[in-house]
Amino acid sequence: MTSAQAPSVSGRTVDDTGRPLPGVVITVRGTTTIAVSADDGRFTIAPAPQGSRLVFEMPGFAMREVAITTTESLQIVLSVANVTSNLTVRAPAVSAPPDTRIVLRPIDIVRTAGAEADLMRAVAATPGIVRVDEGAGLFVRGGDVSETRVMLNGIAINHPYRHETPTGGFRGAVDPFLTQGVSFSTGGFSAEYPNALSGVLDLQLQERPAALQATATAGLAGAAASAAVPLGSQAGFRLGINKTTTGLLFAVNDAPREFDELPHGWDGSGSVHVDSRRFGSIRGFVLEQRDGVGVRLEQDSFDGFLHSSTSHRLVVVDWRTQIGGRWTASAAGGLDRYTNGTDVGVLVVDVTDTDHSARFDLAGLAHDFRIRAGVDAGRSSAQLLGTVPTRGGDFGGTSGTSLFEVVHRDERAGGYVETSRDVGRITPTVGVRVDRFDNAGVWRVDPRLNLSIKVARNSSIRLAWGRYSQAPSSRYFDQARGDTSLQPMSATHAIVGFEQGRITDAWFVRAEAYYKAYRRLPVDDGAGGFSDQGYGYARGIDVFARRVWRFIDVRASVSYLDTRRRWTSPEQRARYVLPDGTWTPDFSVPLSWQIFVTAPVWRTVSISAAWRHADGRPFTPATGAVPTPAGFEPIWGGINSERVPAYRRADLSVSHTRTFGRTMLVVFGAIDNLTGRTNFFEYAYSPDFSVRRPVASASPRSLYIGCSIIR
Amino acid sequence: MRITALIVAALVTGAMTASEDMSGARQQKPDADLATLVSALEASALAGRIEDVKRARVDLLRMSAAPASGPRASLVRYSIAYAGWRMVFAPSVPDAEQVLVLEDAAMQLNEVLKTQPNDVEALSLLAAVQGVRIAKSPELGMTLGPESDQLIERAMRLAPSNPRALAIGGQSALNTPPEYGGSVSRAEGLFRAALRAFEKQGAQAVWPNWGRFDAHVWLGQTLAQKGDKAGARAEYEKALVIAPESAWVKFTLLPAVR
């Protein structure tokens, strides 16, 4: 019902990140005058006289009403109606208790400058995460990377990284494109999460496709294609394939390291979805990955090439249904199979890890109580065979070599119940987990308490306390030398926090202080094996703030951490003579802060920038060396008694979107490490350990460009 | 090491944009299947899936943006109003949205009545919409109360066997204070008449065909008000046969008469 002569109003609808929103319905309140925003979010509505009011509606977004007071073009920002309910798939009726979780949508991941569109790297940009290198590992609040549990629709992923390293890996194994979003908890988390000591990254797969869609992408590092196909109104499937070849990328930019086999790989994924009113929603998902690399490695006095070849398969099947509208039942089962062959210097190890897991959950309301309960179980089988240096990290083999043989099988079964009820301004949540760790032959009962106190309309205080248990990594169970009766590790979290606003609001701030006490950590027993006599603590403060001003989204965080522990990672067995008491672990970075800005600079152009700063990570200096017939054996100073220089990095990314009918073209570019600063995280040594040199940064300044076509 | 970094970026960006883009384009097609849409709307309403009801309403609004006239355009407007009326019973819909949605529902139905003044379905639903507006804002009762009464009386006069007119008439009688003409007995009679009309109409009636569930629920509430818990229970159980997922019936109404 538009008229060219009538007063009209034009503008553009965008989401709260500045992205155009097509399909928004705009009406002049109280009339039949209506318009729908176009592919680029633009709209014109007439007649719309001055003083009348426009109403904006879009599924999934809060309705908005705006008075017409200007003849200039309007910019209308619609906010997501309820992000949490979109992401909390397993139990929409009753969500988990409030904790320190950060929710990221795929668009947030893509727009985090320097995250390289990687899920893990984007999560690593949130507060409470320590940066120990240029990888994607999530070291949460003084915990090792292995203490963060990654789950996909409730199923544990035991190898959540690609190109794995002792500090995690270079990228996440799961493409953010496959998820509808992630939530990340850094402490005091729900009793529903088993076998996690420090953090939980909960990924939720995409739902059934609602529309046919195909995508093709090419860039300096490879090509990808995907399709989403609905089958009628209740079923559909998704397929995707991604091929990585880095030759062109390293021809345009300097290679960060020397390679004798360029990093390469592919992955394919598929999912099938069926929604039935009678049987609920059923989804099957398969991910298959292959990676390979040959890269120069410098460690201690070793300088040589590391070769690695990996195969990874992930299968998840899940089901969900509503029972009577007030209860939700869900079940999931999964397989995670990982094989890897690595050779570097004298280390030659073949790994086969197979993990099965399953769970069943119920969530609902009983009178005024919100109740969540469930059971879960997991079985892991690990087989590692090969030869390793006698001293951890001595790839040159000066200390000799020994057989490495892990044939480890462990089973865990557990259950939880959690309930909460609003009592005026206070919402207490009480939960408990009970787990049986089969290999250790013990039960663990872990209570968890959470208290949320609303102190003002938009502000709350949170108090949390809980105990957490986790089975030690299979890497500790070397039959050739190690102890095979390690108890489950234990941590106790205590948290005090303040929060104002919601993360989706234009203003949000969260500050948390925490203290964690660790017990039964694995530690080198001085006889070639490990005992569970380790312990330690971590304490700190995390502050996170977000401000959206017009279309400029600014996020900033600062973290302070103090941690010490008596603990040995599997890779550092027999590396040091251990002192009494505790010491600073490798991932102790006292102060880190970062700021991210995303802004539209033109109608179809968006720019993101990031600045990160972190104190240097600690390292153990070699203070001398002893000559032996096989070479020089280092004499180490105090464990992690020195620090490398501070880490600083700026990143920039730009994207340009054009629409041609139903086809969309996205051109993107990024410059990583814009200032070209040489960050480094460790030192290598001359053969006699008399001279040390920094190991080159894995992320020099580099340019990336590519394009994507979507129809 | 960058590997597939920004490829993924493009894929994610593309996926989201295209999804929004294509759904918007698809739903704006003037030849979209109205029957499928209202069927999905009714299923969502009965199941209490309010987000899907909202989605259907916006789809119908998009449909109404395309130039059209005649009975189909009226049916689209009626369906928009119906979706809006359903939405306001959900506690998750903010008050401000409820006001806008109800106002729009009344406007849509008045548009229908401009061209089809004797449309019984539009008259009945408009009476129901105005009734809810009064319930939400009692100060409107002075003006909308008489209007609502006149609308439903006219609808029942024009089509004495229209089940929705009868059911909404019963609802009006139940909710109107006795001093203004309300009557529980009259309400019960109208609900029973509505259910008989639904029986005659059969299950395969064309849209608008909603209301059987509501008639059972409203009759159950009437019986409960009269102290007939067993009768109320029986009606609620019949309602659950139609909408087994209705949390309102299962967890609020039924426990109250046990």
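This briefing walks through chain B and its helices, then a few backbone features in both chains.

The model is predicted, and local features are reported at pLDDT of at least 70, side-chain atom pairs count only at pLDDT 80 or more, and totals for chains, interfaces and linings use all residues. Residues are numbered from 1 along each chain as its sequence is written, and chains are lettered from A and ligands numbered from 1 in the order in which they are written. Chain B has twelve helices and zero strands; here helices are DSSP runs of H or I with at least four residues, strands are runs of E with at least two, and both are numbered from the N terminus.

**Chain B overall**

- Along the sequence, chain B reads α-α-α-α-α-α-α-α-α-α-α-α.
- Chain B has 258 residues, and 53% of them are buried (20 or more other C-beta atoms within 10 Å of the residue's own; 12 or fewer is exposed, in between is partly exposed, and C-beta atoms are placed from the backbone).
- Of the contacts in chain B between residues at least 6 apart in sequence, 58% link residues at least 24 apart; a contact means C-beta atoms, placed from the backbone, within 7 Å.

**Nonpolar cores**

- A nonpolar core is a set of buried Ala, Val, Leu, Ile, Met, Phe, Trp, Tyr and Cys residues joined through C-beta atoms within 7 Å.
- The largest such core holds 89 residues, and Leu109(B), Leu125(B), Val129(B) and Ala194(B) have the most contacts inside it.
- Helix α4 of chain B (residues 71-87) gives this core its largest share, nine residues.
- Apart from that core there is another of 62 residues, including Ala113(A), Ala115(A), Val130(A) and Leu152(A).
- Leaving aside residues up to four places away in sequence, Ala194(B) touches Pro163(B), Leu166(B), Ala167(B), Gly170(B) and Ala215(B).

**Helix α5 of chain B and its two partners**

- Helix α5 (residues 95-115) packs with α4(B) at about 155 degrees, their axes 8 Å apart; axes are lines fitted to C-alpha atoms over the stretch in contact, and angles run from 0 to 180 degrees between N-to-C directions.
- This angle makes α4(B) roughly antiparallel to α5(B) (over 145 degrees; under 35 is roughly parallel, 65 to 115 roughly perpendicular and the rest oblique).
- α4(B) passes α5(B) in a left-handed crossing, in which the near helix is turned anticlockwise from the far one by less than a right angle, clockwise being right-handed.
- On the α4(B) side, the residues that meet α5(B) include Ser74(B), Tyr78(B), Ala81(B) and Trp85(B), and their counterparts in α5(B) include Leu102(B), Ala105(B) and Leu109(B).
- The residues of the contact of α4(B) with α5(B) come to ten nonpolar, four polar and three charged; Ala, Val, Leu, Ile, Met, Phe, Trp, Tyr, Cys and Pro count as nonpolar, Asp, Glu, Lys and Arg as charged, and the others, Gly among them, as polar.
- α5(B) also packs with helix α6 (residues 120-136), at about 155 degrees with axes 10 Å apart.
- α5(B) is therefore roughly antiparallel to α6(B), and their crossing is left-handed.
- Among the residues meeting here are Leu102(B), Ala105(B) and Leu109(B) in α5(B), and Leu125(B), Val129(B) and Arg133(B) in α6(B).
- The contact of α5(B) with α6(B) has twelve nonpolar, two polar and two charged residues.

**Helices α10 and α11 of chain B**

- The axes of α10(B) and helix α11 (residues 229-242) come within 8 Å and cross at roughly 165 degrees.
- That angle makes α10(B) roughly antiparallel to α11(B), and the crossing is left-handed.
- The contact includes Phe213(B), Val217(B) and Leu223(B) from α10(B), and Ala232(B), Tyr236(B) and Ile242(B) from α11(B).
- By class, the contact of α10(B) with α11(B) has nine nonpolar, three polar and four charged residues.

**Backbone features to look at**

- Ala46(A) and Pro47(A) are joined by a cis peptide bond with omega about -5 degrees, and Pro47(A) sits in the loop between β4 (42-45) and β5 (53-57) of chain A.
- From Trp207(B) to Pro208(B) the peptide bond is cis, with omega near 5 degrees, and Pro208(B) lies in the loop between α9 (184-201) and α10 (212-226).
- Arg141(A) is not a glycine, yet has a positive phi of about 45 degrees.
- Arg141(A) is in the loop between β10 (139-140) and β11 (148-152) of chain A and counts as buried, with 30 C-beta neighbours inside 10 Å.
- Ala574(A) also has a positive phi, near 60 degrees, in the loop between β33 (552-566) and β34 (591-602) of chain A.
- Ala574(A) is buried, with 21 other C-beta atoms within 10 Å.

Conventions: Two residues are in contact if their C-beta atoms, placed from the backbone, lie within 7 Å.
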